[in-house]
Amino acid sequence: MNQPVHNKKGILLVNLGSPKSTDVKDVKEYLDEFLMDEKVIDYRWIFRALLVQGIILKTRPNKSAEAYKTVWTDEGSPLIVISKNLQKELQKLVDVPVGLGMRYAEPSIQTGIQELVDKGITEITLVPLYPQYAMSTTETVIDKAEEVRLKFFPDIKINYVQPFYNREIYIDALAKSIGEKLPPDFDLLQFSYHGVPERHIYKTDPTKTCSMDNCCQKDDHPSHKFCYRHQCYKVTELVREKLGLPKEKVLVTFQSRLGKDKWMEPYTDATLEGLGKKGIKKLAIVCPAFVSDCLETLEEISVEGKEIFLHGGGERFDYIPCLNEDADWVNVVKTLSEEKLAQF
Ligand SMILES: C=CC1=C(C)c2cc3[nH]c(cc4nc(cc5[nH]c(cc1n2)c(C)c5CCC(=O)O)C(CCC(=O)O)=C4C)c(C)c3C=C
Ligand SMILES: [Fe+2]
Ligand SMILES: [Fe+2]
């Protein structure tokens, strides 16, 4: 009997990853792998090693472990738990196996591919779970998956779902999710994206024309395909239009900076501090660089960010969760995966 034609096909979801536990040694091991990635800290190896192993890993693991403890659940890290739930929900909707891998720590991309290969899969559609392209998101996932494929699985094929920041199905799902949670009387809706050093934007711009100020918010510019900053502004604009909000009700900021480099501005924390004095008393905030709630949303924004805002004179702070296991979002992942599966 003939097998169905898709019997060799599978889907691999890839998210960022979390430490194994909140023990300082596990957090240290995770941060070491993460920050030694040359697409995350893009210094020459020796300078990266001096900075990461000589400075950051001396103090940050303690601080980060304490932060992780505040968000950790009985089942583990929120990012991992939510990613597993997304995997399960997607599996209910598609007739090919769905695997899961993390760029850092476990389950690794290698583990995820191995599990699919063990099921006889040789054609994998890999979905980087990042709406916007960045060197430290989509690009490093593809680099790692290619490294693993060439080393351990030279006979399989992988194709990659591209950043989906401007896809209508994604914007519809995000706008709907935000719209449902937005309180009717908010003063401002803040879009807080994970930041990156400005250098990353210049480095990955193949046209070398992005000047940070006058290209990222334009409708059409040759640098946009690889401009993380543009892609953040674009998501915001498309969601704002979909929700029918006036421009003055929406603000873009960038969070989670690390080290002494110049990161993209405006910064989320500095902005939150000053909003109350500018008359913004009721703030809603959403973090669309993340599709799953994680340390950076649950602790940095909904706990620390809230404190900063209230301390600066704000009165009400509504954190709007990520898409997580939202049914429309699962459908977005299904559509994006199936489009790519069809291309084998
Ligand atoms: C130079 C450092 C970093 C860059 C560049 C960076 C980019 C970047 N990261 C995410 C998504 C996530 N980052 C998360 C945690 C996190 N990020 C950094 C540093 C950089 N990120 C660190 C050191 C950490 C660890 C926690 C800490 O010590 O602060 C997470 C959460 C992981 C979790 O377990 O919950 C996510 C998700 C994006 C999207 C991005 C570029 C756009
Ligand atoms: Fe990060
Ligand atoms: Fe730009």
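**Questions on the fold**

Me: This is a predicted model. Which residues of α5 are buried?
Reply: The cut-off for buried is 20 or more other C-beta atoms within 10 Å. In the predicted model, the buried residues of α5 are Met 135, Ser 136, Thr 137, Thr 138, Thr 140, Val 141, Lys 144 and Ala 145.

Me: What do the buried residues of α5 pack against?
Reply: Contact here needs C-beta atoms within 7 Å. The partners include strands and helices: β1 (9-15), α4, β3 (123-128), β4 (157-160) and α7 (198-203).

Me: How far apart are the end C-alpha atoms of helix α5?
Reply: Helix α5 covers residues 135-152, which makes 18 residues. At 1.5 Å a residue it should span 26 Å. The model agrees with that, as the end C-alpha atoms are apart by 24 Å.

Me: What length does helix α6 reach from its first C-alpha to its last?
Reply: Helix α6 runs over residues 168-181 and has 14 residues. The expected figure at 1.5 Å a residue is 20 Å. The model is close to it, reaching 20 Å.

Me: What do the buried residues of α6 pack against?
Reply: The buried residues of α6 are Tyr 170, Ile 171, Ala 173, Leu 174, Ala 175, Ser 177 and Ile 178. They pack against α8 (228-243), β7 (282-286), β8 and α12.

Me: What distance separates the centres of domain 1 and domain 2?
Reply: The domain assignment gives domain 1 as 5-163 + 327-341 and domain 2 as 168-320. Taken over C-alpha atoms, their centres are separated by 23 Å.

Me: How many residues does the contact take from domain 1 and from domain 2, and which elements supply the domain 1 side?
Reply: The contact takes 22 residues from domain 1 and 23 residues from domain 2. By class, the domain 1 side has 14 nonpolar, 6 polar and 2 charged residues. The elements that each supply at least two residues of that side are α2, α3 (78-93), α5 and α12.

Me: Which residues are the closest to ligand 1?
Reply: Ligand 1 is surrounded by 24 residues. By class they divide into 15 nonpolar, 7 polar and 2 charged. The closest are Ser 18, Ser 64, His 194, Cys 294 and Leu 295.

Me: Which helices each supply at least two residues of the shell around ligand 1?
Reply: The shell draws at least three residues from each of domain 1 and domain 2. The helices that each supply at least two residues are α1 (24-35), α2 (45-71), α5 and α10 (295-298).

Me: Where does UniProt place the feature "binding site", and what is the largest C-alpha distance?
Reply: The unreviewed UniProt entry places it at His 194 and Glu 296. They are spread over 103 residues of sequence. In space they cluster, with a largest C-alpha distance of 8.2 Å.

Me: Is His 194 buried or exposed?
Reply: His 194 is found in strand β5 (residues 188-194). Leaving aside neighbours within four places in sequence, its contacts are Gln 255, Ser 256, Ala 289, Phe 290 and Glu 296. It has 27 other C-beta atoms within 10 Å, so His 194 is buried.

Me: What is the phi of Ser 256?
Reply: Ser 256 sits in the loop between β6 and α9. With 20 C-beta neighbours inside 10 Å, Ser 256 counts as buried. Most residues other than glycine have a negative phi. Ser 256 is not a glycine, yet has a positive phi of about 65 degrees.

Me: What is the phi of Asn 324?
Reply: Asn 324 is in the loop between β8 (316-320) and α12 (327-341). Asn 324 is partly exposed, with 19 other C-beta atoms within 10 Å. Although not a glycine, Asn 324 has a positive phi of about 45 degrees.

Me: What is the omega of the cis peptide bond from Glu 106 to Pro 107?
Reply: Most peptide bonds are trans. Pro 107 is in the loop between β2 (98-102) and α4 (109-118). The bond from Glu 106 to Pro 107 is cis, with omega near -5 degrees.

Conventions
Residues numbered from 1 in each chain as written. Chains lettered and ligands numbered in written order. Predicted model: local features only at pLDDT ≥ 70, side-chain atom pairs only at ≥ 80, totals over all residues. Helix = DSSP H or I, 4+ residues; strand = E, 2+ residues; numbered from the N terminus. Buried ≥ 20, exposed ≤ 12 C-beta atoms within 10 Å, placed from the backbone. Expected span 1.5 Å × (residues − 1). Contact = placed C-beta atoms within 7 Å. Near = placed C-beta within 6 Å. Nonpolar A, V, L, I, M, F, W, Y, C, P; charged D, E, K, R; others polar. Domains from an automatic or database assignment. UniProt positions renumbered as here; feature names shortened; annotations may be inferred.
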